[in-house]
Each structure stands twice: as structure tokens, then as C-alpha cells.
Amino acid sequence: AFLIPSRSEGLSLAFLEAAMMGSSIVCSRIPSFTSMFGDAKVTYFKLGDINSLACAIDLAINEKKSKGKAVLDYVNRNYSNDLMLSGYLDLYKKLCDSKGILIK
């Protein structure tokens with residue numbers, strides 16, 4: 001299981017890397033994680049609550065196969081190398097166009 005106890009987070013590369021390995025993920029219940037993965041794919045715990053953390057780790061270990069596969073499938077559909085590359089290229093092209101920089 002991969003544990004990420006962030007109090008605030010943007011798009012966590014470590015989170016995505018763990019998901020790509022098919023790890024069962026335990027993370028703090030913060031908006032950036034809940035909006036990204038929902039309840040079915042990862043196991044959440046309440047920040048500052050050690051009992052919540054212990055229960056989440058136990059649940060993640062017991063549900064590793066189902067949640068690990070769910071999060072891996074989600075990441076492959078939404079954050080694959082090809083999708084990320086395409087998104088960055090589009091962003092760079094828009095930025096260059098807005099500055100009058102010609103890209104071949």
C-alpha cells in the first residue's frame with residue numbers, strides 16, 4: 001500500500017507513480033484527492049485521526065486487488081504518457097501562439 005498523508009496537494013506525481021504500479025493507495029481526505037479519484041479507487045483517512053488512518057491502511061491492504069486495479073485503470077485512461085504529452089504540447093503551442101512565436 002502507498003500512503004500519502006498530505007494536508008494540501010496539487011497533482012501529486014508520487015500518487016500517480018504509485019497508481020501506475022497498481023499499488024493500493026491510502027490518502028488524506030482532501031479536495032484534490034477526492035475530486036481526482038473518488039471513493040471507489042482509493043482509501044481515505046481523516047487528517048489528525050490515527051484510528052481513521054489505521055482503519056484505512058487495514059482496508060487498503062484487504063482490498064488491494066480491487067482498488068489497485070481500479071486506480072491503475074483510471075490513471076491509464078486519464079494520465080497516460082500519450083495524454084500528458086499531448087496536453088503539454090497543446091499548452092506550449094497556445095502559449096507560443098499568444099506570444100507570436102512560430103513553431104514548426
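The largest nonpolar core holds 16 residues, and those with the most contacts inside it are F15, I25, C27, F33, F37 and V42. A nonpolar core is a set of buried Ala, Val, Leu, Ile, Met, Phe, Trp, Tyr and Cys residues joined through side-chain atoms within 4.5 Å. This is a predicted model: local features need pLDDT of at least 70, side-chain atom pairs count only at pLDDT 80 or more, and totals for chains, interfaces and linings use all residues. Residues are numbered from 1 along each chain as its sequence is written, and side-chain values use heavy atoms, without hydrogens and water.

- α1 gives the largest share, four residues.
- Beyond neighbours within four places in sequence, F37 is in contact with F15, L16, V42, Y44, V71, Y74 and V75 (heavy atoms within 4.5 Å).
- A second, separate core has five residues, including F45, L53, A56 and A60.

**S6**
- S6 sits in the loop between β1 (2-4) and α1 (13-20).
- S6 counts as buried because its relative accessibility is 12% (buried is under 20% relative accessible area, exposed over 50%, partly exposed in between; 1.4 Å probe, protein chains only).

**Y88**
- Y88 belongs to helix α5 (residues 81-98).
- With 44% relative accessibility, Y88 counts as partly exposed.

Note on methods: Helices (H or I, at least four residues) and strands (E, at least two) are DSSP runs, numbered from the N terminus.
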